[in-house]
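Hi everyone, thanks for coming. Let me put the structure up, and then I'll walk you through a few spots in it.

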Amino acid sequence: MTGRRVVLVLAAVCVAAAVVKLRPLVRDFDTVGVRFEASARADSPGTRLDEVLLGHLDHFAYIRSFDHVFAAGSRRVAIRRPLWFDRCEVRQGDFYRFLQWLPFQSGLDIGAPGEPPGWQYSTDTRDHVVSGRLDAPANGLTFYDAWAYCAAAGGRLPSGDEWTAAAVGREGRRYPWGEDFNPAPWPYLDPLLNATRPCAGHPETDTPQGVAELGHNVSEWAAGAGVPPTALVMGGNGYNAPRDLYSLGVLNRRAPANYRSPYLGFRCVYESAPAATPWRTETDTAVLAVGEYGIGIPEDARVPGLLAHIPRDRLSLIGRLFAEDGRGAVEVHLTTTEITRREYDAFLRDPFVALGLHAEANQPRGHRHRPQDWEAQMHEPDLPVVNVDWWSAYAFASWAGGRLPTAQEWEGAASGQGRRIYPWGNEWRAWVNSVPADHVAREPRVVRGDDHDATPEGLLAMGGNVSEWTRSVSGASGRYSVVVKGGNYLLPIGETARMDFRNHVAPNHRSPTLGFRVAFDRPR
């Protein structure tokens, strides 16, 4: 009779629950809507730069040359007085004349800061197969050689900022000549032939101001910040590929000042209209106008910030983030915080949960949603619920009227769709400046509205507290597993707070550092 009475009571409860439309005991959740609408992004310098970088993600698996540019982000420079740029790269014949003139001079102060004492200016192309082509760009010379030539000519090497301003213009061009890549300056299979062509052979690739070859022929020395100045390599050349990447106007590389290459030359810049050089070569210049120029990464570019911070073995993450763009405009609402023990207690007390109404179809027989340490957990009901496996997290999300987020949705929400590396931004927040990267908190915390670990949109504790289940299945561990996102209080915060941090664990796994949050496809 006792068993029958229990059954009757359960039946009555079920009927009562059906009358109230199977509503969970916890009806409301505090959520934040995250809108994925990258497919609607307007055409802009940032999206156009992203397009090129996305096309060559594999290249960045082994090339780190542009990391300093990506990390510097958006920058602007003010050109406060006109600058006269050589229209063409300095020619071999001009540099040879400089070397022939130099021994007859005395008391010249043309050395670069940091130049080794007794440096002998030279080029290593005298015996090169192309050395007889005196109208080809000078090459095979160091930063010190280029600096000395320009100083003796009455000018100087351009700064990296000035060179970039000339390449991208005030309109922020993708390439020196415009928005579309032009392969015409690379007609030969032999890269050396592509780097030794006379100037102005392709006027369609000049800048609107008439500066030639900023994106091809040979790359060019420029002076970066610092004392002594950093030696920068600007622009594309006949050798480096992919060419549509290396010819981008905003990119540059660093090199040792004593480096020589047949694909590296220079041009000079003057602060007033120049006359002929002392060794009687004529100068032909174009003016860089006064104004403000955007010389860094465009503000709305997403890929450079990711490349600056994401480990190279995780480049596929960038592709996954941008694959979400194809969904069109989608809004996902995530619970502001991880599900608390108080909320989970209401789930456990619902009789429909006990009857398996919200269970995933493959949930193991005899599974229990109640954690073994539940009584101890309820001593602090506002902390995140932990020691729940994937089956229980799935069932709670179904009971709440939602679902577990995918790993891609979680990453997109934490990163602002790829615009930041930590939930709060690309830089380590001031609140952790005094905390070492290997710091471990040892215990979870109650998350409040003013929590330091917060996205600009208002999602809390995505960088730490407890790790979180997703609904994404993975085979990365060599077996069936589920992707777990986010750091937790027992892991070092420096690496695990990053939006690309993830683990792969079995769905039966329970841990005191593992909880979850819920996603809804409609506002709550």
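**A strand and its neighbours**

Let's start with Trp84, which stands opposite Tyr270 in β8. Before going on: this is a predicted model, where local features need pLDDT of at least 70, side-chain atom pairs count only at pLDDT 80 or more, and totals for chains, interfaces and linings use all residues. Residues are numbered from 1 along each chain as its sequence is written, and side-chain values use heavy atoms, leaving out hydrogens and water.

Strands here are DSSP runs of E, at least two residues, and helices are runs of H or I, at least four, numbered from the N terminus. Strands pair if DSSP finds at least two bridges between them. Strand β8 (residues 269–270) runs antiparallel to β3, joined by two bridges. β3 also pairs with β9 (residues 285–288), antiparallel over four bridges, and there Leu83 has Leu288 as its bridge partner.

Which way do the β3 residues point? Leu83 and Phe85 go one way, Trp84 and Asp86 the other, and all are buried, meaning under 20% relative accessible area with a 1.4 Å probe, protein chains only.

Now helix α2, residues 45–54: seven of its 10 residues are buried, so the rest of the structure largely encloses it. Among them are Arg48 and Asp50.

Next, Ala255, in the loop between β6 (252–254) and β7 (264–265). Ala255 is buried, at 18% relative accessible area. Leaving aside residues up to four places away in sequence, Ala255 touches Trp221, Ala231 and Val233, with contact meaning heavy atoms within 4.5 Å.

Note on methods: Buried means under 20% relative accessible area, exposed over 50%, partly exposed in between (1.4 Å probe, protein chains only).
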